[in-house]
Every structure is written in structure tokens, then in C-alpha cells.
Amino acid sequence: MPLIEVKNLVKRYTPEGPNAVDDVSFDVHEGEMFSLLGPNGAGKTTALSIISTLLSPTSGAVTVDGHDTQKAPMDVRRVIGVVPQELALYDDLTARENLQFWGEMRGLNGAELKREIAEKLALTDLTNRAKDRVSTFSGGMKRRLNLAVGLLGNPKLMMLDEPTVAIDPQSRRYILDWVKKMSQGGVTVLYTTHHMEEAQELSDRIGIIDHGKLIALGTLDELTRLVGQNETLVLTLVQ
């Protein structure tokens, strides 16, 4: 059974409005690195928000680890970690205090929480900034701390919504390498991006989404062959 099953998913924000997600179906298998690739406004964040139980679909169904996202949202939340596009951090708290807060929200406490905080700070190379307020962090450091928050509890499935938006090239490289390392460690990853090169570098499979519709799905080789088959070159000879 796939870890994520999305079937005929539709999301419409107003009764007469367009579908933000329009009859989308795909699976993500355990241990897979799957990317949703598309431009801004394509429906990537909406789809991710439904899968992570933050939004209800207009129609269709989503299951995560065998749990229906609408009928058993708490069971879904126990197995997922989410790194949203908008930073889920408190600027007035230190890095450690942010991890403490979100760890407690996830149900961690005591020695287990202390161990998790130390581990995630080390993993994201923030141990030496643990006592500093987040307001003093660069954009890249905030993104890394945002990743650390998503990793609390060692989730079975990580969902990352455009985690490299608006950061410097060095921080972007750090995050991409970190995502690859996490995937190679056996964590299932659902990753959204509008950068073709990120999807190409990271993914086992790629779903291309635009105007709410999934217009192509496959491995990089399969998508390359599909584009090659569908493109036609027309030459006009002028005398």
C-alpha cells in the first residue's frame, strides 16, 4: 500500500470559483522522494495542505499511512512532519525555545524532548546558536530551524513546501543536501518546488502540476521521453 494515496482530489475555495486543485490523483510509496513541480499558483501548497490535514477537500479522498485525512486527522499527524513555506517560528524566542514549544505541541517531553532538541540543532548546524533569538537569524538560518521543527518526533513522512524560497545560494545548497540525506536515510519525502533543477536533482518521481491539474507524472527519464515524443519541430523554408 502506498504511504500517500490521493484520489480525484478537488479543492474550490468559493462555490463559483475555479478549482485550486482539479481532479488530482497520485500515490507516494514508502521511502520515495516525490516532487510536485509547478509555477506559483499551480495548486501545490493547496494539495500539500489537504494531505497534511490543514484543509478539507471539496471532493476526493486522501489517505496517509492507511488513515483517511478527514476521518482520522490525528492519526495522520502522528506520522507526518510538515515544513511550511511560511516560517512557523517565533522571532522573540530562541532556537531552543522554538523547538521546545513545537516539541511539546507534538507530545514530546522530558528527557526525550531534550534529546530531540539537541539532535535537531546538531543536524541543522545550529547548536552554537541555540540560545540566540530567532530575530537575529539570517533567512537561511531560519529556514534550517524551520526544518528542525518539522523533524521533531522523527516522522515517517516529511512534507516540504518550497523550503528554498528567498534564501541565499549557500543556504539553498545546504537544504538540498540535507533533503537528499534524509531521503537516503529512508524517510519518505513529498517536496514542492517551482525549480526544475531541484526536482531533477532530488526526485525518484515528479508530478507536474499547473492550474490545479496534474499534467504529467513519472520518473525524470519517463518525463524526458514524454516531452521528446510530444514535441514537434516545424521548419519553414523561405526562398
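Which residues does lysine 7 touch, not counting residues up to four places away in sequence? Lysine 7 touches Val24, Ser25, Gly60 and Ala61, where a contact means heavy atoms within 4.5 Å. This is a predicted model, in which local features need pLDDT of at least 70 and side-chain atom pairs count only at pLDDT 80 or more, while totals for chains, interfaces and linings use all residues. Residues are numbered from 1 along each chain as its sequence is written, and side-chain values use heavy atoms, with hydrogens and water left out.

Lysine 7 has its place in strand S1; strands (E, at least two residues) and helices (H or I, at least four) are DSSP runs, numbered from the N terminus. With a relative accessible area of 48%, lysine 7 is partly exposed, a class that lies between buried (under 20% relative accessible area) and exposed (over 50%), computed with a 1.4 Å probe on protein chains only. Strand S1, residues 4–12, pairs with strand S2, residues 19–28, in the antiparallel sense over seven bridges, and two strands are said to pair if DSSP finds at least two bridges between them. The two strands S1 and S2 form a hairpin with six residues between them, and within this pairing lysine 11 has valine 21 of S2 as its bridge partner. Aspartate 23 also has its place in strand S2, and its phi is near 60 degrees, a positive value in a residue other than glycine. At 45% relative accessibility, aspartate 23 counts as partly exposed.

Asparagine 154 counts as partly exposed at 49% relative accessibility.

## The nonpolar core

In soluble globular proteins, nonpolar side chains tend to be buried together. A nonpolar core is here a set of buried Ala, Val, Leu, Ile, Met, Phe, Trp, Tyr and Cys residues joined through side-chain atoms within 4.5 Å. The largest such core has 24 residues, of which Phe26, Ile51 and Val64 touch the most other members. At least two residues of this core are supplied by each of S1, S2, strand S3 (33–37), helix H1 (44–51), strand S4 (59–64) and S7. Leaving out residues up to four places away in sequence, valine 64 touches Leu3, Ile51, Thr69, Val76, Val79, Ile80 and Leu157.

Threonine 94 lies in the loop between strand S6 (80–83) and helix H3 (95–105), and at 11% relative accessibility it counts as buried. Beyond residues up to four places away in sequence, threonine 94 touches Ala130, Lys131, Asp132, Arg133 and Val134.

## Salt bridges

A salt bridge is a side-chain nitrogen of Lys or Arg within 4 Å of a carboxyl oxygen of Asp or Glu, and by this rule the count comes to 15 salt bridges.

| Aspartate 91 | Lysine 142 | 3.8 Å |

Aspartate 91 forms its salt bridge with lysine 142; aspartate 91 lies in the loop between S6 and H3 and lysine 142 in helix H5, so the pair ties together parts that are 51 residues apart in sequence. Aspartate 91 is partly exposed at 36% relative accessibility, whereas lysine 142 is buried, with a relative accessible area of 17%.

Glutamate 116 and lysine 120 both lie in helix H4 (residues 110–123), four residues apart, about one turn of the helix. Glutamate 116 is buried with a relative accessible area of 6%, and lysine 120 counts as buried at 1%.

Salt bridges that share partners join Arg173, Asp177, Lys180 and Glu201 into one network.
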